[in-house]
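The following note sets out points for a colleague's reading of the structure. Please consult the sequence and coordinates alongside each point.

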Amino acid sequence: MKQHKWRFILPGLVIFVVGVTFPLWYSAVNSTPVPVLSLDTPVINQLQNKECVEDKAFMSADHMKMLHAWRDEVVREGKREYTAKDGRKFEKSLTRTCLSCHSNKEQFCDRCHNYAGAKPTCYDCHIIPEEVKK
Amino acid sequence: MTTSRREFLKIAGASALTLITFPVFPVGAKENVRIPGQDFTSAKPLTARRWAMAIDTSKCSKDCTDCIVACHAIHNVPDFGNPKDEVKWIWQEPFAAVFPDNQHAYSGQAIQKMRLPVLCNHCANPSCVRVCPTQATFKRPDGIVMMDYHRCIGCRLCMAGCPYGARSMNFHDPRPFIAKINPDFPTRTKGVVEKCNFCQERLAKGLLPACVLACKEKALVFGDLEDPLSDIRSLLKERFNLRRKAHLGTRPQIYYIV
């Protein structure tokens, strides 16, 4: 009687464990390569000191938080000037500041957003200057 | 060795000359090209304690749409080509619709045929701000009733609350319906309400509202109501004026000089 019970429980357990751990071993087998972001734009190529508004580590990890803060400060408080940690001053503008350098949205923004599965809604309203020119 | 006065002056002069250097080799030049948006100094913004507008109806001709065209082009206002979906920031209405309490059966032809420009009244007691559940619509300290499109959930309570019909809903994605996109101003997206913002983005750059500048007849006067020396104050002092549906208590800030 006891053995008879395990005959059903064991296959069920195996199916359960395989199913639950599926995302783990699937991604281990089919690993997507980390995207290479292109900085090859006319404006960036002209820069001698290739430095973004803040340092690279901060920008890649926290640019979304910074843009959210910019958004609220500009719209709700009317504060349009951003002072970076090193004292440089920038206009808080996605279209006019960020996208002026990073004019290659498809090779820069989109590559990483697609890799991370992020779907920012910024571009529903905010204009990509390159797209308007087309 | 003692230096004569003459020697000393010679050496001092020669040393002073060496201070004049020419930047032959830009050794110290850190950066030649400015990052876009860097060293941003906003042009002196126009500020006020209470923005308001006066419209001189005698100067405003029925057939002229300059203010509407200018505003809608600058702000990427879509034209859906369908009166039910119409999006408008500034538009024309017949006198009877603008001042329903001031028209009667005996009004002259001139008044009945009149068409007046109407826009958001930037009320001092705005009903739209009061009903907005997400505070997407808010009143700034300078009186501008502004929308934060990021927060708008498209519930349209503000449209129901506004007694002037100054708000429009984007029932479709507006991008394909904009004749020519102005890259300096964002578009809206499907499912948000929009309205006139008194050109707050232009005021921040020190520019007057687009409709005010577009009007060749100078029928639109924009200024600070709290400044006793402003043009708008002297105009309101001298000429009789009406506000739309003022009895509702919204304290509208567009004054029609009639």
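**Notes on the predicted model**

1. Chain B comprises 9 helices and 10 strands. Its radius of gyration is 27 Å, well over the 18 Å given by the globule rule for 258 residues, so chain B is more spread out than a compact globule. The C-alpha trace of chain B extends over about 110 × 45 × 35 Å along its principal axes. As this is a predicted model, these values describe computed coordinates.

2. Buried residues account for 33% of the 258 residues in chain B. Of the contacts in chain B between residues at least 6 apart in sequence, 64% join residues at least 24 apart.

3. B:Arg6 belongs to helix 1 (residues 5-18) of chain B. This residue is exposed, because the number of other C-beta atoms within 10 Å is 7, and a residue counts as exposed at 12 or fewer. Between the C-alpha atoms of B:Arg6 and B:Val118 there is a separation of 82 Å, the two residues being 112 apart along the chain.

4. How are the strands that pair with strand 10 of chain B oriented? Strand 1 (residues 51-56) of chain B pairs with strand 10 (residues 254-257) of chain B in the parallel sense, over 4 bridges. Strand 9 (residues 241-242) of chain B, by contrast, runs antiparallel to strand 10 of chain B and is joined to it by 2 bridges. B:Ile257 of strand 10 takes part in both pairings: it is the bridge partner of B:Asp56 and stands opposite B:Asn241.

5. The largest nonpolar core has 53 residues. Those with the most contacts inside this core are B:Met53, B:Ile55, B:Ile90, B:Leu119, B:Cys196, B:Cys211 and B:Leu220. Strand 1 of chain B gives the most to the core, contributing 5 residues. In soluble globular proteins, nonpolar side chains tend to be buried together.

6. Which residues does B:Leu119 contact, leaving aside its neighbours within four places in sequence? They are B:Trp89, B:Ile90, B:Ala166, B:Cys196 and B:Ile254. Among these partners, B:Ile90 and B:Cys196 are also listed with B:Leu119 as having the most contacts inside the core.

7. Most residues other than glycine have a negative phi, and most peptide bonds are trans. B:Gln135 has a positive phi, near 55°, and B:Phe198 likewise has a positive phi near 55°. B:Gln135 sits in the loop between helix 5 (127-131) and strand 4 (137-139) of chain B, while B:Phe198 sits in the loop between strand 7 (193-194) and helix 7 (200-203) of chain B.

8. B:Phe198 is buried, because 26 other C-beta atoms lie within 10 Å, and the threshold for a buried residue is 20 or more.

9. Chain A contains 7 helices and 2 strands. Their order from the N terminus is α-α-α-β-β-α-α-α-α. The radius of gyration of chain A is 23 Å, well over the 14 Å that the globule rule gives for 134 residues, so chain A is more spread out than a compact globule. Its C-alpha trace spans about 80 × 35 × 35 Å along the principal axes.

10. Chain A is divided into domain 1 (1-31) and domain 2 (38-133). The C-alpha centres of these two domains lie 45 Å apart. Buried residues make up 10% of the 134 residues in chain A. Among contacts in chain A with a separation of 6 or more, 58% involve residues 24 or more positions apart.

11. Helix 4 (residues 94-101) of chain A holds the buried residues A:Thr97, A:Cys98, A:Leu99 and A:Cys101. The buried residues of this helix pack against helix 2 (42-46), strand 2 (89-91) and helix 7 (129-133) of chain A.

12. Confidence in chain A should be read element by element. The mean pLDDT of chain A is 90, and 97% of the residues score at least 70.

How values were computed
Residues are numbered from 1 along each chain as its sequence is written. Chains are lettered from A and ligands numbered from 1 in the order in which they are written. Two strands pair if DSSP finds at least two bridges between them. Domain bounds come from an automatic or database domain assignment. The radius of gyration is taken over C-alpha atoms; the globule rule is 2.2 Å times the number of residues to the power 0.38. Two residues are in contact if their C-beta atoms, placed from the backbone, lie within 7 Å. A nonpolar core is a set of buried Ala, Val, Leu, Ile, Met, Phe, Trp, Tyr and Cys residues joined through C-beta atoms within 7 Å. pLDDT is the predictor's confidence in each residue, from 0 to 100.
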